[in-house]
Amino acid sequence: MEKIAEAGFVLSKRELVFLAAITGADEIYGIEDNISQMGKEKINEEWQKAREQLQEKKYIEVELDNSITIDDELYALLEACCRPRAYFNYSGSEEGEPLHYRNIYINERIAVELDQDRVDKDTWILTPLVTLDKAAYNLKECFFTEKNYEKNGVKFEVTQEEFEEINNLFEKEDKLKTIEFLINSGCSKDYAGDLFEAINGKNLFKSLFTIIFDYDNITDFFNYSLYYGEKYIWQIDTSGLKNNNKENKIIFSSVSSEDIANGIDKVMNSLRHIFNESIKGEEFYG
C-alpha cells in the first residue's frame, strides 16, 4: 500500500498521561502507565520532568502563576483521545517481535491516531486524521500483507468453556490433542493443522479491539484476533464475550485480506452519523 506521510505531535507515555490529567481526564484509552502506583514525591518529580520536556517542545506554556496553557491543536486531539465516541486499538507482531500498538479515536469533530514508534516503544505520535476515510485507510494499512492467502470458507463456533479448553491445549503445545479437539468442534481435518500452526507459531499475529460509546456508556464492542498460517488467515472473534456466560459463542473462521478491509469499512460507515466531516484539516492546522 502507498504510505501517506503525516505530521504529528511526538510524545512519551508519561507526557501523554500528564497532558490527559490537565484536560481533566483520568486516562487515555490504550495508554497504560504505573504513575498511580508511585508516591506523591515521585509523581511530583515525574510531573516536573514532563512539564519541562513539554515546554521545550512548545506544546505547553507555563505562566508566572504556574497556570498551564496547552497548544490549541494538541488540546483538540487530546479531547478526542480522552473522550471518544469510538475507539480502535490495533496490536500486532511479526516473528516474535514486540507488539506494536496503534490507537484511533473518533468524536463528533475529528478522528485522531496515536501510533507507537516501532523502535522507541516509549514514543507515541499523535496525529489528526480529519476524515473517517483516512481513519479506515490507516487501520487497513495495519493488516496489509504482501503474501496472498487462500480462503477456504471454514467457520465454526465454540462456547466460552470450550474456548478455554482449547487455550489450555495450546499452552501445553499438545498438537495431536489440540487438532483432535478442533476437528470435533467443527473444523475440517484438512485445515485444522494450518490453524494449529498459525496460533501456536504466532509468526504473524494481529488484533483489533473496538469500543463504540454513547457518551459515557459503552453501547457495543468488537474484538477479534488474526493468526496467519502457511496458507490461511484465521480469525477468532471473541466479541460475544460480553458477560461471564459459559454459553457465549466464540467464532473461528478463515478470512481474506478483502474481508478484513470490508469489515473495517463497514464499522467506519456505521459511525458517520456521529462524525461531522465538515470540519476540515485547515481548521486544525490554521
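**Fold and rings**

I began with the secondary structure: the protein chain has nine helices and twelve strands (DSSP runs, numbered from the N terminus; helices are H or I with at least four residues, strands E with at least two). I noted that this is a predicted model, where local features need pLDDT of at least 70, side-chain atom pairs count only at pLDDT 80 or more, and totals for chains, interfaces and linings use all residues. Residues are numbered from 1 along each chain as its sequence is written, and side-chain values use heavy atoms, with hydrogens and water left out.

Next I checked burial: 47% of the 286 residues of the protein chain count as buried (under 20% relative accessible area; exposed is over 50%, partly exposed in between, with a 1.4 Å probe and protein chains only).

Then I turned to the rings. I found 14 aromatic pairs (ring centres of Phe, Tyr or the six-membered ring of Trp within 6.5 Å; planes under 30 degrees apart are stacked, over 60 edge-to-face, the rest tilted). Tyr29 and Phe213 have ring centres 5.4 Å apart and planes at 45 degrees, so I logged the pair as tilted. Tyr29 sits in the loop between helix H1 and helix H2, and Phe213 in strand E9, 184 residues apart. Phe213 is buried at 5%, while Tyr29 is partly exposed at 25%.

My last pair was Phe156 and Phe252, which is stacked, with 4.9 Å centre to centre and 10 degrees between the planes. Phe156 lies in strand E8 and Phe252 in strand E12, so this pair ties together parts 96 residues apart in sequence. Phe156 is buried at 4% relative accessible area, and Phe252 is buried at 1%.
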